Amino acid sequence: MSGLASEPRGIAASARATDELGGAGRVGEPPEDIVALYKRHVSRGRATLADLTGGRLEVSSAGAHVYDDTGRRYLDCGGYGVFLLGHRHPAVTAKVVEQINRHPMASRILLEPTVARAAATLAGVTPPGLDFVHFVNSGAEAVEAAIKLARAHGRFRLVSTAGGYHGKTMGALTLTARELYQAPFRPLLPSARHVPYGDAGALAEVLRRQPDSCVVIEPVQGENGVVLPPAGYLRAVEALCREHGAFFVLDEVQTGLGRLGTWWGADREGVVPDALLVGKNLSGGVIPVAAMVATAAAYAPFSRDPFLHTSTFAGSPVAMAAATAAVQAIRDEGLVERARDLGARILAGLGAVFAENCPHLVREVRGAGLLIGVEFADEHGAGDFVLELLDRHVLVNHSLNAHRVIRFTPPAVLSEADVTWLLDAVTAAARAMAARAMAARGRRAA
Ligand SMILES: Cc1ncc(COP(=O)(O)O)c(C=O)c1O
């Protein structure tokens, strides 16, 4: 595989940080104490899951790497899509530390410059016409803001897609199409429909009957196991929303800011929604922050009345410092293009590894940029593979709405050595799975 022309700052910083840490993470408390604290004070279920991962603790991070309490280094290709910039990107941490030392939280009585600058910086990279930014603290809160903005325009009915994921607060959960998460909390918001993803005809049918809708769609379904819609789908959704006067929300919490190898999923088809939702990468991997970015017309109700939808910590200077620095670093270091090129290489590499070592265990390898899904044929394949990779010190995620699919969302600051580490680990894990499957077949035949 050919190397990439220039390496962004995050890679050098990662190597430097490794040296600073003496090649090891800080040695923390013994694992059993932390598991006990989890059991008593956080979550018994989480503590039980920790048994599967050997009770290991993560205590520090730098670039593409996370360190456990024994100093062992892991390649982080998970993080639920947060770490396009890697961990502790120097440009982001420098601005955040500077802001903490100057003015981390605002009085909210006076105007405060960091929020204005962050909004301008973010609006500078969103599709044209998306100029007004409402900052929040999480992806689900961005979804809630969009639901309320649509309601302010009289669009009370919700339409999202089967398998879609939009968060777990009550409004967002109404859109998140998974029985497991919804059932214990019903009744949810009224008048919600889920249409098959990728099926513009089904959406047309619903909008014909209820034009006063708010349509919330992901450009690629992340938590549903990296589902890419057919070409032309996003354009068709946009056209249908315009035709029927529906409020069009594109949820790019997972896909936005370069993850797909384009700035936005919207760019894949040149669409401009009424509201675009941003999260995860906006944090720079340092401070939680998310946003809804809307057109002037869509945003008008929130623009007129700044107290219509508020939250105490939203738009705090420390989060704004992270957001501004993150967007600037993605832009200045060419991380969108790097995500595209790295993603193409890793997608091809993974496809080849699985085809060669265990084609019967894997149904499909698919993705865009650095959002890559591997769908296993067997019920337990994905879970087993996550553990195989963990044994090789590579972190990946399962998918919340698709249990057969694991997701690779590596940082765009992976070095050549990291790419080799990743593909070697996947090869070894695939061979181990294939050997186990063969042994199981042998036992059944005996
Ligand atoms: C597309 C999408 N929307 C919304 C959310 C919710 O974001 P958060 O977990 O920050 O609330 C997620 C989280 O994975 C997501 O992938």
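Mentor: Begin at the end of a helix: H3 is followed by Gly54, whose phi is positive, near 70°. Keep in mind throughout that this is a predicted model.

Trainee: How many residues of helix H3 are buried?

Mentor: The count is zero among the nine residues of H3 (residues 44-52), so the helix is hardly covered, given that a residue needs 20 or more other C-beta atoms within 10 Å to be buried.

Trainee: Which residues have a positive phi although they are not glycine?

Mentor: The general idea comes before the case. Most residues other than glycine have a negative phi, and most peptide bonds are trans. Here, Val226 has a positive phi of about 55°, and Lys280 has one of about 35°. Val226 sits in the loop that runs between strand S7 (213-217) and helix H10 (233-244). Lys280 belongs to the loop between strand S9 (275-278) and strand S10 (290-295).

Trainee: Is Lys280 buried or exposed?

Mentor: Lys280 is buried, because 26 other C-beta atoms lie within 10 Å. Val226 counts as buried because it has 26 C-beta neighbours inside 10 Å.

Trainee: Where is a cis peptide bond found?

Mentor: A cis bond joins Arg186 and Pro187, with omega about 5°. Pro187 is in the loop between helix H8 (179-182) and strand S6 (192-195).

Trainee: How should I read a sheet?

Mentor: Strands of a sheet pair through backbone hydrogen bonds, either parallel or antiparallel. In this model, seven strands form an open sheet with mixed pairing, in the order S4-S10-S9-S8-S7-S5-S6. Strand S4 (130-136) and S6 are the edge strands, each pairing on one side only. From one strand to the next the twist averages 20°.

Trainee: In which sense do S9 and S10 pair, parallel or antiparallel?

Mentor: S9 and S10 are antiparallel, over four bridges. Leu276 stands opposite Val293 in S10. Helix H11 packs on the sheet and touches S4, S9 and S10, and its direction makes about 115° with that of S10.

Trainee: What is in contact with His309, leaving aside its neighbours within four places in sequence?

Mentor: His309 is in contact with Ala145, Lys148 and Phe302. The C-alpha atoms of His309 and Lys148 are 8.1 Å apart, although 161 residues separate the two along the chain. His309 lies in the loop between helix H11 (296-304) and helix H12 (317-332). It is partly exposed, because 18 other C-beta atoms lie within 10 Å.

Trainee: Which residues surrounding the ligand are the closest?

Mentor: Of the 15 residues around the ligand, the closest are Gly139, Ala140, Gly167, Val253 and Gln254. Helix H6 (residues 139-152) gives the largest share of the shell, three residues. By class, the shell has five nonpolar, seven polar and three charged residues.

Trainee: Last, into which domains is the protein divided?

Mentor: Domain 1 covers 9-81 + 334-445, and domain 2 covers 90-332. Their centres, taken over C-alpha atoms, are separated by 27 Å. At the contact, 24 residues of domain 1 meet 22 residues of domain 2. H13 supplies the largest share of the domain 1 side, five residues. That side has 12 nonpolar, seven polar and five charged residues.

Conventions
Residues numbered from 1 in each chain as written. Predicted model: local features only at pLDDT ≥ 70, side-chain atom pairs only at ≥ 80, totals over all residues. Helix = DSSP H or I, 4+ residues; strand = E, 2+ residues; numbered from the N terminus. Buried ≥ 20, exposed ≤ 12 C-beta atoms within 10 Å, placed from the backbone. Near = placed C-beta within 6 Å. Nonpolar A, V, L, I, M, F, W, Y, C, P; charged D, E, K, R; others polar. Domains from an automatic or database assignment. Contact = placed C-beta atoms within 7 Å. Pairing = 2+ DSSP bridges. Axes fitted to C-alpha atoms, helices over the stretch in contact; angles between N-to-C directions.
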